[in-house]
Structure formats: C-alpha cells, structure tokens
Amino acid sequence: QACEEGFVSTENQTSCKECIPGTFAGANASQCQNCAPGFFANTSGSTICKKCLDGSVSAENQTSCQVCGAGAFAPHNASQCQDCAPGFFASVPGSTTCLECAQGSISADPYTSCHVCEAGTFATHHASACQACTPGFFSNTSASMACRPCALGWVSTTTHATACEICAVGFYARADASKCQLCPGGEFNDETGQTACKTCEPGFEAPVLGATFCIPCQPGTFSLNTTGACTACAPGYFSSAAQSSACSACSPGKSSTSSATACTECSPGFFSNTSAQPACQACALGKISTVSAATTCAQCPYGKVADVSQCVDCPEHEIFLDSWTCAPCPAGSAIGQAGQQCNLCTTGTFSTDGRTCHACSGRTFSDSQGATACMQCAPDTYAVPNRTVCAACTAAQIIVNASECQTCPTGLVPDEVKQ
C-alpha cells in the first residue's frame, strides 16, 4: 500500500515514516527530498516546500528563510543575500533589488543609504567615494557629477575648490590653470582676468615681470613692437627723443657711439664720407680737414705735411719724405741746404745726430764718407790738416799741435815719445 504524501516507506517497507522539516515528499515518493535553495519546509510531513518571500533567502534543506538586512538584497530563489554595489543602496530589510543613488551621490559599505557629495567634490555614476576637484577646476554646488574648469583668466589653486579666483593685473591664465602666471618681460596686463599678456607698442618697454603698464624708451634707445624691450642704438645711430621705435643714422661728417642721443661732428683733421659711422677717420698722411663735420680731406702741397687742420713745413733738422712725413737724417749725414735731402758727411768730418757734420779734431781722422765718429791716429803719427789720414814725422821731427811736424833745433833730438 502506498504511503501518503509527506510520508515515505521504511527500509523494510513495513510502514511509512513522516518527512522531517526541511524536506518534503510527494505522492508515491520513495524518499524525502531536501527543499531547494529559496524554499523551506517548517513542519514534518510536508508535501511541498514553500517559497521564501521576496527579499529572503534560504540554503538547501532549510526549515525557515532569512530576511536580507538593509544594504543587501535577494533576487527570486536566491540562496544568499548580496551586498548592494557601489552607487546603489537598500534602506530596508527584505529588499529584492538595490536602488540607484541620485547623481552626485555615492554609497559604500554598508550601502544602506546614499551620501550627497559636497561642493568642491563630485561623483560619477555608481561611485563609492566623492572625488575632490583638482586645481584648475571647481564645483560650487553639492551633488555634482563633474567639476567645471575655471574660466579663462581665472584659476583655482587648491583641491576641493568651490570657486575660482580672477587673475590680477600683471598676470594671466589659460584654460584649466591652477596658477596665475606673471607676464614675462616685454609684456604687460592692465586688466584682470586675462588669458594672455599684451605686447608694448613700439617705443615702449615692460622691463620687469608682472608689468601692469609700459614705460617709454629713453633717448638713445628704441623698441619695436616685436620685442617689448628697449635696445640701445648701435654705434653710428642715434635717437634724440623718448618713445623712439627706430634709431636714425648719423649723416656724413658725423659719428656716434652706442646709446647716442645725438651725433658728434668730426673734429678738424678727421672726416666721415658715409652715413652711420661709429667713428670719424683721421685724414691720411699729407691731408687735412680744416673744419668740423668734414666729409673729405684736402691734400697738402708737396714739401709740406699735415698738422691736424693745417699744412706746415717739416721741423728744423728734419726732411720731407715722399710719404708726406718728416724724418731726421741718420747719423753720419746732415740736412742739405734745401732741407729736402740728407747729405753724407765728407771725409775728415762726422755726425752723431744727423743735423750737422763736424770736422775731426786733434789726432783723429775719418777716411770715408758718412762717418758717425772720428778714429784715433796711431802713436807717432798725426792727422793731416784735412783730417782724412794720419802721417808720421821723420826721425828728427816732433808732432806739433797734433797736426804738423817740426824739426828739432841743432843739437837737440826728439825724446822717445814724440809730441
């Protein structure tokens, strides 16, 4: 005879036994079966297992269901509760699903509620933590899904910024900047909130970092609008007024050094025949310029030399050379009567200074032209009157006045040293 539902036969099939809680048996069952996960049987002799309520779970062979706590959920027929994922929450026990947090909100363990991100932070979808706005970005409201970049000319210098600061005059900032930058040398800003610095107009400069205005170039300097800095006028150029955008070239007859505010006229004896000269040139040998600002030099007459602004004769004791210079005569010569040439000293004369030839004296002589000194006669000889050679006296004569022989009187003889 078959057992009733909820009962199964014993091993010897002599009787029927009741299924224990957590199991069940249908009609003509040979054995009790465990309740599947998500089902339960809380009484003996169950013919079926009951389904767990939504939000409750049970493992196999269970006599009751466990309600999922807040922050967890259970889908149909689940054997265990699952924690809500980041960005989701379950505020009450027995949830079958988790709810999504609103934008700009987060959830984290235990996922029972959502937390709204404060101003200065943001959260993306399904985030577990609010993220701080980075420098250059801000959020001025709570529940932000993203931080906004600072406007051009504005910056945020720290994290968690709720507002951006405007760049002051003398500064600038491009998009997403975390710091206002000083205007570089040669540029300026006279307005706040700028994305770039301005270049000074020609004739002006901004010589310091962070300039708020430009200053005019001083005389002797200039600037182009491409540099923003004043530059000294080059040699040969000048600027006489402030705010110059270019330097002017010195005209012929004038010159200038660097940073000149005016050109200087060439002095007499100097000239400049082209413009933009850094210095006047001295007139060549034998040429003069008699006035200031000369553009050419005039040739001196032959036989005269240049003395700055006038032509003059050579100094005394000097002769004129074809190179339009004066020079003294060398030793052993003297200046000729015309003053145009040097004449060699004749035999019997000498010159040490190139000015005058002197006759040899005493017992000295010179036997060649161009002598610079006279030579001494040998012992027992004397210099002949023209002092060109030396001669010897006879055995009965002595040297008189170093230049003639005299015969000794009768009865006298020369001593050993003839004089």
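Predicted model: local features only at pLDDT ≥ 70, side-chain atom pairs only at ≥ 80, totals over all residues.

Analyst: Let's begin with a term: a residue is called buried when its relative accessible area is under 20%, exposed when it is over 50%, and partly exposed in between, using a 1.4 Å probe and protein chains only. Cys408 is buried by that rule, with a relative accessible area of 15%.

Now for the setting. The protein chain has 0 helices and 50 strands; here helices (H or I, at least four residues) and strands (E, at least two) are DSSP runs, numbered from the N terminus. Along the principal axes, the C-alpha atoms fill a box of roughly 210 × 65 × 30 Å. The radius of gyration of the protein chain is 63 Å, whereas a compact globule of 419 residues would have one near 22 Å. That radius is taken over C-alpha atoms, and the globule rule is 2.2 Å times the number of residues to the power 0.38. Of the 419 residues, 34% are buried.

On to the cysteines. A disulfide is a pair of cysteine sulfur atoms within 2.5 Å, and the count by this rule is 25. Three of these links can be followed one by one.

One of them joins Cys35 to Cys49, with 1.8 Å between the sulfur atoms. The link of Cys35 and Cys49 is left-handed, at -85 degrees about the S-S bond. Cys35 and Cys49 are both buried.

Another disulfide is formed by Cys250 and Cys263, whose sulfur atoms are 2.0 Å apart. This link is left-handed too, with -90 degrees about the S-S bond of Cys250 and Cys263. Cys250 is in the loop between β30 (248-249) and β31 (254-255), and Cys263 is in the loop between β31 and β32 (264-265), 13 residues apart. Cys250 is buried, at a relative accessible area of 1%.

Then there is the disulfide of Cys283 and Cys297, with an S to S distance of 2.0 Å. The torsion about the S-S bond of Cys283 and Cys297 is about -75 degrees, so this disulfide is left-handed. Cys283 sits in the loop between β34 (281-282) and β35 (287-288), and Cys297 in the loop between β35 and β36 (298-299), 14 residues apart. Cys283 is buried, with a relative accessible area of 13%.

What about Cys408, where we started? Cys408 is in no disulfide, and the nearest cysteine sulfur, that of Cys393, is 9.6 Å away.

Cys147 counts as buried, at 16% relative accessibility. Leaving aside neighbours within four places in sequence, Cys147 is in contact (heavy atoms within 4.5 Å) with Phe122, Cys133, Phe137, Phe138 and Ser139. Cys147 and Ile48 are 99 residues apart along the chain, and their C-alpha atoms are separated by 58 Å.

Terms used: Residues numbered from 1 in each chain as written. Heavy atoms only, no water.
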